[in-house]
Amino acid sequence: MSLQRITDSLAILFISHPIVFWHDSEGEFLSTVDNLVLDDIHIVRLDETPALQIKIDVERQPDQHWLFYSTQPEPDPNKDWLLDIRLRSKSFKADSTSILLDDLGLVSQTLRGHLKDRAKFLRAKERVERLKRLVTASDNADDLDRKMLAVLTRADQPELFSILQRLFATLVVDGEVNLNAQPKTWQDIIANDLEDAFWLLAKTHLGYAETEPSLRDLLFRILVTDFSRSFMGEPAEALKHFILPERNLAANASVFASRWRSDLAHYTSYNLITAVVGQDLDLVHLLGGLSANDLSEVMTFEEVERRIISDLKDRVLGGSGAAMDSVLTLIARRRDGHWANQILANANDVNRALAASYDALEAATHFLTLKDQYRSGFSFTSSEAGFSIYQAELYRFDQLYRHFNRATEFVEPMGWAVLHELKQRIEAAYSGWFIPQLSSAWGKILEGEAGLLSSWRIPGSINQQNFFEKVVLPLSDGGTKRVFVIISDAFRFEVAEELVQAINSKSRIKASLSSLLGVLPSYTGLGMAALLPHQTLAYKINSSLELMADGKPVSSMEQRGAYLAAYSGTAIKAEDLLAMGKDKGREFVRERRLIYIYHDRIDLIGDKQSSETKTFEAAADTVIELAQLVGFIVNSLNGCNVLITADHGFMYQESALEEADKSTLSEKPEGSLLAKKRYLLGKDIGCNTKAWSGNTALTAGTEPEGSLDFWIPKGANRFHFTGGARFVHGSAMPQEIVIPVIAIRSTESELAKTKTVSISLLGASNKVVTNNQRFEFIQNEAVSERVLPRALVISLRDGDQPISNEQTITFDSTSQLLDERKRSLLLTVLSGSYDRNKDYYLVARDAVTRVEVLRAPVKVDLAFSNDF
């Protein structure tokens with residue numbers, strides 16, 4: 001206690017008491033007394049002044065203030081010569097324990113001995129200062145020990161769970177786990193005589209009472225207990241001895257494990273530590289015979305996730321019908337768990353690969369289910385029917401194939417073989433079944449005297465060369481309204497459908513998808529020219545086969561920009577427009593009514609042999625980039641009329657092509673001017689029975705004198721000429737010539753606003769009577785374009801303090817049936833004493849924003865369950 005503090009404390013006492021006795025039995029402040037400066041206070045040393053003299057002085061000076069100091073304990077009243085004076089005085093204590101009691105704000109004098117026992121901890125001023133922030137006046141000895149442990153471990157809260165999180169985290173150093181380590185934090189606990197207090201906490205809250213306790217053993221018991229409580233069935237004999245014995249307190253182990261792995265500050269240590277524990281337990285062997293259903297609620301170990309994924313993969317390979325439905329249900333449950341959680345998926349390679357494994361399984365399930373619907377193949381009664389059914393449903397084969405392979409790109413770098421067999425199945429189903437079957441059926445509507453190739457017209461569909469006249473011009477209202485036209489190179493229909501979903505998930509913007517019948521051959525130069533406003537279109541027969549619109553060159557973007565000037569328009573690259581920002585962008589478009597914006601990601605990557613294997617990555621990037629571009633145009637440039645389309649689509653397969661996939665046309669015919677994998681252009685090249693042939697005057701509307709003959713491979717075949725082989729375009733398959741048109745409108749209409757689904761709690765009972773309580777919810781409306789799914793974190797709380805674990809559940813059902821929109825979850829309640837008459841709350845919060853969407857009162861009465 002500082003001299004100033006003693007001076008101030010004594011001054012306060014002397015305001016109401018003229019006589020103060022100070023017994024400093026250990027002589028701690030002997031030298032301090034000599035330095036005290038107290039105005040109008042007479043300081044007397046009891047060991048230097050006789051008691052009789054003191055009594056005489058006090059009697060003779062009734063208005064004097066006295067401080068009597070002694071290095072002896074306070075005497076027994078029967079032997080105290082100054083008792084009469086003491087009875088009308090005040091006692092002052094300045095020993096370190098009293099100071100600490102005062103500093104900490106503690107009221108119970110019974111803690112004096114305990115504070116002396118904790119002298120090692122209290123010796124450090126910095127620790128005492130942190131302890132002061134945690135202590136309350138009514139704390140007892142156990143409370144103080146718990147808070148001292150919190151200080152030593154730097155726990156977020158002075159409670160066992162936070163202390164354990166910090167302690168276990170110290171077992172990880174530079175990403176390496178040592179379960180047998182004696183980390184400095186644990187050594188500090190031992191050095192400060194708080195080890196017994198820690199084990200008492202573990203016994204009180206978890207039922208852990210080993211004669212030779214250790215952090216490693218406690219860790220194993222917590223994790224195995226959490227595993228066994230969630231497991232559907234009897235755990236393996238090799239694990240049973242690790243299960244904490246007291247059932248009610250064992251529930252706390254599950255709550256702690258759940259909180260640990262869901263804590264964004266500590267989940268990394270959880271992942272690393274449980275990986276080592278899982279290896280030590282040989283979980284791979286113990287889980288070998290278990291099914292995904294057995295493990296559906298277990299979130300403890302990464303090995304569990306891998307076992308579930310392996311089992312679901314086997315089900316997808318061998319299942320159909322209802323079996324596939326159960327796969328999708330389990331996938332949804334696991335995505336709400338820890339290891340495949342979308343929020344954590346980008347945090348590290350393991351979580352990303354596990355989440356991607358479920359993405360792959362889901363895509364494969366939908367793909368094989370769709371295939372089962374068309375087990376007899378495809379048959380189109382007309383070109384109109386074929387064109388329509390591809391847009392309505394068959395595009396899903398291409399989309400699901402892309403999603404599956406895109407997902408495996410995150411799994412394969414981990415060296416996991418779990419999806420290899422499924423990948424072979426999907427590849428065989430796509431490249432070996434879907435593409436050949438579609439090629440055969442599509443070929444029948446292309447060929448023949450009345451085939452599509454003879455007219456290149458489909459009732460109800462607009463040809464690509466009529467895009468400006470039939471689509472853009474009506475929007476521009478004769479040129480008085482500004483129209484933005486985004487052309488994304490090789491942006492095929494199935495990718496566009498995904499973009500529409502992404503755009504429609506945002507308020508104020510509504511997107512609708514339609515299509516054009518693409519030009520033939522379906523390649524960039526011809527497709528780009530066809531999309532421009534024009535009266536005539538023609539080739540300039542030279543070495544580069546330039547395209548001419550109304551007699552002006554339009555092969556390059558610069559040429560198209562100059563050409564569009566006559567229409568109060570311009571052309572610009574997407575990245576250049578975005579780089580302008582809001583103000584410069586508005587200035588750029590102010591005097592223009594027609595802005596063609598060129599985006600190139602898929603073709604840029606796919607049309608090179610060195611990078612064509614990244615085609616599906618490029619497609620995913622395209623969806624993101626175009627959504628951002630639309631947002632910029634609508635929100636920053638005030639664009640009200642936006643169209644997104646493409647020059648052509650593409651075909652892509654993961655597997656290397658067999659010789660049968662290639663056309664036998666190894667030599668170019670005489671008159672050839674340009675030869676690629678999927679098309680050949682020339683003059684007077686005639687026909688060939690092994691290729692589809694035609695003239696651009698029919699298939700692209702070019703002027704007769706500026707038209708070219710073409711050959712294109714039948715079906716999905718490739719010519720033997722130059723370039724890559726997996727990514728191609730140019731021919732007449734739906735993937736290449738069903739050209740998407742996305743029309744985007746900005747509106748303030750209520751119909752254009754999005755909202756997330758709402759939920760309700762089912763059941764009349766609001767009483768929790770067991771440590772494990774199941775709750776059932778219903779999603780009030782089906783997910784749609786404007787009603788978005790929502791992930792909620794649900795727990796039981798006392799005010800804002802959780803009294804259970806937290807469970808994440810995603811409400812994303814598109815079903816119109818109420819029963820199919822029900823979801824349930826199991827919450828584990830912390831053991832302890834609960835007031836059966838008090839309201840506790842079932843609370844649901846948005847998993848991303850943490851906004852509370854539901855708070856329902858519940859009563860907690862565990863008395864019955866605790867009796868057994």
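This is a predicted model: local features need pLDDT of at least 70, side-chain atom pairs count only at pLDDT 80 or more; totals for chains, interfaces and linings use all residues.
Local features need pLDDT of at least 70 and side-chain atom pairs count only at pLDDT 80 or more, while totals for chains, interfaces and linings use all residues. Residues are numbered from 1 along each chain as its sequence is written, and side-chain values use heavy atoms, without hydrogens and water.

**Cores**

Select Phe168, Phe198 and Tyr596. They have the most contacts inside the largest nonpolar core, which has 236 residues. Such a core is a set of buried Ala, Val, Leu, Ile, Met, Phe, Trp, Tyr and Cys residues joined through side-chain atoms within 4.5 Å. Buried means under 20% relative accessible area (1.4 Å probe, protein chains only).

Stay on Phe198. Its contacts (heavy atoms within 4.5 Å) include Leu149, Leu160, Trp186 and Leu218, not counting residues up to four places away in sequence. A second, separate core of 15 residues includes Val20, Trp22, Val33 and Phe92.

**Helix pair**

Select helix 8 (residues 125-132) and helix 9 (residues 141-153). Helices are DSSP runs (H or I, at least four residues), numbered from the N terminus. The axes of this pair, lines fitted to C-alpha atoms over the stretch in contact, come within 10 Å and cross at roughly 120 degrees. Arg127, Arg130 and Leu131 of helix 8 meet Lys147, Met148, Val151 and Leu152 of helix 9.

**Arg333**

Move to Arg333, in helix 19 (residues 322-335). Arg333 is buried, at 13% relative accessible area. It touches Ser296, Glu297, Met299, Gln807 and Thr808, not counting residues up to four places away in sequence.

Methods:
Buried means under 20% relative accessible area, exposed over 50%, partly exposed in between (1.4 Å probe, protein chains only). Axes are lines fitted to C-alpha atoms, for helices over the stretch in contact, and angles run from 0 to 180 degrees between N-to-C directions. Helices (H or I, at least four residues) and strands (E, at least two) are DSSP runs, numbered from the N terminus.
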